[in-house]
Amino acid sequence: MKVLILAALLCMHSAVTHAATRAAPVSNSTASSMVEGPLPAVETGLPVYPSQCPSGWFTQGSRCFLMVTSMKNWRDAARHCVGQQGSLASVQSSEEYNFLQTMVTISGHSSAWIGGFYFQGAWLWIDSAGFHYTNWKVQNNVYSYPCLQLNSIGGWSNHHCSYSRVFYCARSLPTC
């Protein structure tokens with residue numbers, strides 16, 4: 001049931017985001033996406049744009065995101081995302097953060113791995129993006145807890161990388 005609710009809300013979020021950011025509709029068909037199986041179509045009354053993301057991925061801004069609900073430690077999650085032709089997700093804006101935080105909250109999980117890690121005195125993103133946007137709830141000892149998780153109750157925090165959690169993969173939208 002939680003997956004169906006998540007799917008419906010994400011489809012509506014995607015339709016609203018596209019309607020607000022695109023000038024002209026490509027099609028007026030019904031939206032559908034997939035997360036570990038097909039999601040129900042949602043009729044919003046808004047113009048619907050075809051997703052350029054692979055099946056099961058969600059479009060947010062200029063990137064595609066995948067929430068993986070199988071539990072993995074941070075390193076295995078990073079490997080899994082590479083196998084999906086992406087990386088653990090960096091978070092580059094409050095819009096991306098809100099999108100991911102909504103997904104983890106609706107999924108019923110308390111946290112999810114994202115691609116931040118502490119290395120040689122600095123926080124970095126595994127996809128080499130700049131670490132400019134931050135949303136810390138708690139920052140623990142960086143030497144004992146060098147991996148970032150996004151929290152369902154807000155913000156992110158660092159934890160030991162060996163904990164198993166759900167996680168987000170991200171990749172750029174395909175270019176034409």
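A disulfide is taken here as a pair of cysteine sulfur atoms within 2.5 Å, and the legends below apply that cut-off to a predicted model.

**View 1. The disulfide of Cys81 and Cys169 in the predicted model.** The sulfur atoms of Cys81 and Cys169 lie 2.0 Å apart and form a disulfide; the torsion about their S-S bond is about -80°, so the link is left-handed. The pair connects distant parts of the chain, with Cys81 in helix H2 (residues 74–83) and Cys169 in strand E9 (residues 165–172), 88 residues apart. Cys81 counts as buried at 0% relative accessibility, and Cys169 likewise counts as buried at 0%.

**View 2. The disulfide of Cys53 and Cys64.** Here the S to S distance is 2.1 Å, and the link of Cys53 and Cys64 is left-handed, with -90° about the S-S bond. Cys53 sits in the loop between helix H1 (2–21) and strand E1 (58–60), whereas Cys64 belongs to strand E2 (residues 63–72), the two being 11 residues apart. Cys53 is buried, with a relative accessible area of 10%, and Cys64 is buried with a value of 0%.

**View 3. The disulfide of Cys147 and Cys161.** Cys147 is joined to Cys161 with an S to S distance of 1.8 Å, and the 90° about this S-S bond makes the link right-handed. Cys147 lies in strand E7 (residues 147–151) and Cys161 in the loop between strand E8 (156–159) and E9, 14 residues apart. Cys147 is buried at a relative accessible area of 3%, while Cys161 counts as partly exposed at 21%.

**View 4. The pairing across the protein.** A search of the whole structure finds 3 disulfides, and when the bonded cysteines are numbered in sequence order their pairing reads 1-2, 3-6, 4-5.

Terms used:
Residues are numbered from 1 along each chain as its sequence is written. This is a predicted model: local features need pLDDT of at least 70, side-chain atom pairs count only at pLDDT 80 or more; totals for chains, interfaces and linings use all residues. Side-chain values use heavy atoms; hydrogens and water are left out. Helices (H or I, at least four residues) and strands (E, at least two) are DSSP runs, numbered from the N terminus. Buried means under 20% relative accessible area, exposed over 50%, partly exposed in between (1.4 Å probe, protein chains only).
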